[in-house]
Amino acid sequence: MLEKMNTRRWIAVGVAVLILGISAISSGISDKINSEARMKKMEASLMNAVNGMNEEVIEEGDSANRIAVISVEGAIMNVPQASFLTESYDHKATLNALDDILQDDTIKGVLLKVNSPGGGVYESAELHKRVKAIVDAKKPVYVAMGNTAASGGYYISAPATKIYAAPSTLTGSIGVIMGGTNLSGLMEKLGIANQTIKSAAHKDIGSNTRPMTDEERAILQSVVDDLYGEFLNVVSQGRHMDMATLRPLADGSVFTGKQAKQKGLVDELGYSEDALAALKKAIKCDNPEVFNYTKGLGDGFFASLFSQKASDKELAAKLVLGALADNDRPMYLYGGE
């Protein structure tokens, strides 16, 4: 009897050891999986920070159903920032954020806040392409226009699922502008002579050191006309508006939000909180997590950090030269140069 009890005891001990061993292995595997998951999350967070995409939760809620808020504040230009302390439009970080939204399955909708007079043709097209891709992926994009959402600001809004504008918002300004300055008269007064050497007649087209010829003006006008046609296509497709209706509105005129709604250029009159409330209904979630992207540690941060060694005069010179370089290229811009 005692021998049987001992046998049973050893069996029980063996089973207990086996159970403990399995539990330890399972716990180890679980810890490893959790550790790997944590590492992946940390790596993703770090990459987001490097790409200028830190997430900041605005409203706590369901993390499986999230709304991303993207702000386009200021001119749509890919230019260096004056300081990393200055809150201004960061083109590269905005593109990275939109790319992230397209890939993140937890993000169900986007609130795009636009307060911009427009900017570069190329940069506006880059933003438009990504906004359209998000809409095409069945993630609604609701635009909330601020004080101004004109020209390029309207261009990037056109493919949105729904556009909200305040009654006093300035929008529209559908068109293209290309600046230019003829300084030849001033140069002559100052005794400055143009000594440009060129390979062909139009190599210095748009030069500010001499008057523009009729032929050059026709060439540049054809470029502007071509880009204008692209703008019309973007608005026509985004707003489901035929060209006959659109063309009279696309003469560069600016409209208030109220006028724009009457003309079919926006959907609703309201503010960002109204657009957000409507977007929550659109994604069928009463309590989504709402977050925006804040500046990370990307190129803008590092570039501006190292640029602090430069003097204020050097920094100002860089910004002025950048503005001059953009002066003679086609722009989707409201308010001239």
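**Reading helix contacts and buried residues**

User: Which residues of helix 2 meet residues in helix 3?

Analyst: His 91, Thr 94, Leu 95, Leu 98, Asp 99, Ile 101 and Leu 102 in helix 2 meet Glu 123, Glu 126, Leu 127, Arg 130, Ala 133 and Ile 134 in helix 3, where contact means heavy atoms within 4.5 Å, and helices (H or I, at least four residues) and strands (E, at least two) are DSSP runs numbered from the N terminus. The residues of this contact divide into seven nonpolar, two polar and four charged (Ala, Val, Leu, Ile, Met, Phe, Trp, Tyr, Cys and Pro count as nonpolar, Asp, Glu, Lys and Arg as charged, and the others, Gly among them, as polar). This is a predicted model, in which local features need pLDDT of at least 70 and side-chain atom pairs pLDDT 80 or more, while totals for chains, interfaces and linings use all residues. Residues are numbered from 1 along each chain as its sequence is written, and side-chain values use heavy atoms, leaving out hydrogens and water.

User: How should I read the way in which helix 2 and helix 3 cross?

Analyst: Two packed helices are described by the angle between their axes and the distance between the axes. Here the axes of helix 2 (residues 91-103) and helix 3 (residues 121-136) come within 9 Å and cross at roughly 15 degrees (axes are lines fitted to C-alpha atoms over the stretch in contact, with angles from 0 to 180 degrees between N-to-C directions). Helix 2 is therefore roughly parallel to helix 3 (under 35 degrees; over 145 is roughly antiparallel, 65 to 115 roughly perpendicular and the rest oblique).

User: Is Ile 134 buried or exposed?

Analyst: Ile 134, which lies in helix 3, is buried because its relative accessible area is 1% (buried means under 20%, exposed over 50%, partly exposed in between, with a 1.4 Å probe and protein chains only). Leaving aside residues up to four places away in sequence, Ile 134 touches Leu 98, Ile 101, Leu 102, Val 110, Lys 139 and Val 141.

User: Which residues are buried in helix 9, and what covers them?

Analyst: The buried residues of helix 9 are Ala 275, Leu 276, Ala 278, Leu 279 and Lys 280, and what covers them includes strand 1 (54-59), strand 2 (62-73) and strand 11 (288-294). Lys 280 counts as buried because its relative accessibility is 18%. A polar contact of 2.8 Å joins the side chains of Lys 280 and Glu 59 (a pair of N or O atoms within 3.5 Å; within protein, one must be able to donate a hydrogen and the other to accept it, and residues adjacent in sequence count only if both atoms are side-chain atoms).
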